[in-house]
Number of protein chains: 2
Amino acid sequence: MKRNLSLIIIAVLICLLTTNSVPTMKADALIQNHKMAQVAIVVKDIEKARKNWAMVLGMDVPEVSIAKSHPSRPTKYKGTPSSAEAKLAFFNLENIQIELIEPLGGNSTWQEFLDTKGEGIHHIAFMVKGIDGLERRFEMQGMPTDQNGGWEGGAYSYINAMQMLGCELELLENYQSN
Amino acid sequence: MKRNLSLIIIAVLICLLTTNSVPTMKADALIQNHKMAQVAIVVKDIEKARKNWAMVLGMDVPEVSIAKSHPSRPTKYKGTPSSAEAKLAFFNLENIQIELIEPLGGNSTWQEFLDTKGEGIHHIAFMVKGIDGLERRFEMQGMPTDQNGGWEGGAYSYINAMQMLGCELELLENYQSN
């Protein structure tokens with residue numbers, strides 16, 4: 001009996017110590033990790049921006065790729081199919097990725113941002129799991145989806161969190177790592 | 001002679017392998033590290049924003065502090081002394097810090113951003129060494145200082161890199177870690 005009591009006390013102490021030493025993540029958190037994946041900047045001229053960023057960071061000038069609608073999850077802007085395209089370039093820093101985005105026309109959150117606010121930091125991105133369910137949970141909290149789409153093996157959703165968080169969020173899901 | 005030649009070939013091979021496996025940082029880089037320290041969001045209402053961010057991330061609501069001019073490096077906005085103040089709140093993620101900023105009046109880059117663009121992501125920050133010399137190097141590359149100031153043991157400079165990089169940069173120096 002005494003031995004059982006001792007075991008219970010030890011178990012409770014371990015629970016208390018663990019609770020205090022590990023950063024808390026509430027179970028109903030919408031973003032279930034605390035690692036920011038990307039900061040993305042919308043620019044008018046990616047040729048100029050990628051060279052200037054390379055100079056400031058002392059890095060090689062990165063290649064440019066084209067983001068376009070993909071059959072696995074065709075691009076939608078505010079719920080309507082969109083032919084939006086953009087030029088992208090990435091700098092892989094130690095702890096995060098800087099993404100440069102030059103919109104190439106078509107209805108998109110990138111073009112809307114450039115037209116209304118000019119060049120600037122468009123969003124911050126987090127990796128998530130279950131992106132479609134998360135879109136609905138964000139919408140229920142007053143943060144609707146501005147644009148979504150995908151690529152071979154992955155999906156993205158831009159969440160309009162301007163009113164709630166003061167910025168746009170991007171959710172990214174890599175199906176291969178699920 | 002043959003042995004010397006072999007040693008030279010081995011040394012050249014080691015150099016080539018090392019060059020390819022370590023990320024390059026050019027000697028004249030303006031930012032001498034590849035770790036982003038902060039992403040900062042200018043908001044109208046920090047009370048609302050800090051609660052909403054805490055809900056989305058499943059974290060505790062952080063405390064609010066006041067940023068104001070400090071005698072060690074009095075606040076200047078575009079070269080002129082400024083009485084600008086702001087409320088600040090910080091979320092410490094695993095790899096980066098999210099900073100919320102509510103301007104409290106006075107001439108500042110925060111207030112100018114809010115007045116011209118509305119709420120949004122104001123800057124990204126990097127830790128640096130030798131902040132005053134760096135301000136001059138950025139200015140020589142077409143990126144003047146918008147605002148600078150300090151706190152007990154540290155200094156900050158907001159670099160207007162809108163034309164060159166598409167965003168505002170913040171340089172942060174912690175004198176104690178020098």
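**Close-up views of a two-chain predicted model**

View 1. B:R50 forms a salt bridge with B:E47, with the closest N and O atoms 2.7 Å apart; a salt bridge here is a side-chain nitrogen of Lys or Arg within 4 Å of a carboxyl oxygen of Asp or Glu. Because the two residues are 3 residues apart in helix α2 of chain B, B:R50 and B:E47 are separated by about one helical turn. B:R50 counts as buried at 16% relative accessibility, whereas B:E47, at 28%, counts as partly exposed (buried means under 20% relative accessible area, exposed over 50%, and partly exposed in between, with a 1.4 Å probe and protein chains only). This is a predicted model, in which local features need pLDDT of at least 70 and side-chain atom pairs count only at pLDDT 80 or more, while totals for chains, interfaces and linings use all residues. Residues are numbered from 1 along each chain as its sequence is written, chains are lettered from A in the order in which they are written, and side-chain values use heavy atoms, with hydrogens and water left out.

**View 2. A salt bridge between A:E135 and A:R73.** The side chains of A:E135 and A:R73 meet in a salt bridge at 3.1 Å, N to O. A:E135 lies in helix α4 (residues 131-140) of chain A and A:R73 in the loop between β2 (65-67) and β3 (76-77), so the pair ties together parts that are 62 residues apart in sequence; helices (H or I, at least four residues) and strands (E, at least two) are DSSP runs, numbered from the N terminus. A:E135 counts as buried at 12% relative accessibility, and A:R73 is buried with a relative accessible area of 11%. Salt bridges that share partners join A:R73, A:D132 and A:E135 into one network.

**View 3. A salt bridge between the chains.** B:D60 and A:K26 meet through their side chains in a salt bridge of 3.1 Å, N to O. B:D60 lies in the loop between α2 (46-57) and β2 (65-67) of chain B and A:K26 in the loop between α1 (2-21) and β1 of chain A, so the pair joins two chains. A:K26 counts as partly exposed, at 36% relative accessibility.

**View 4. The interface of chain A and chain B.** In this view, 45 residues of chain A are in contact with 45 residues of chain B, contact meaning heavy atoms within 4.5 Å. Of the interface residues of chain A, 100% are also interface residues in chain B, so the copies meet through the same surface.
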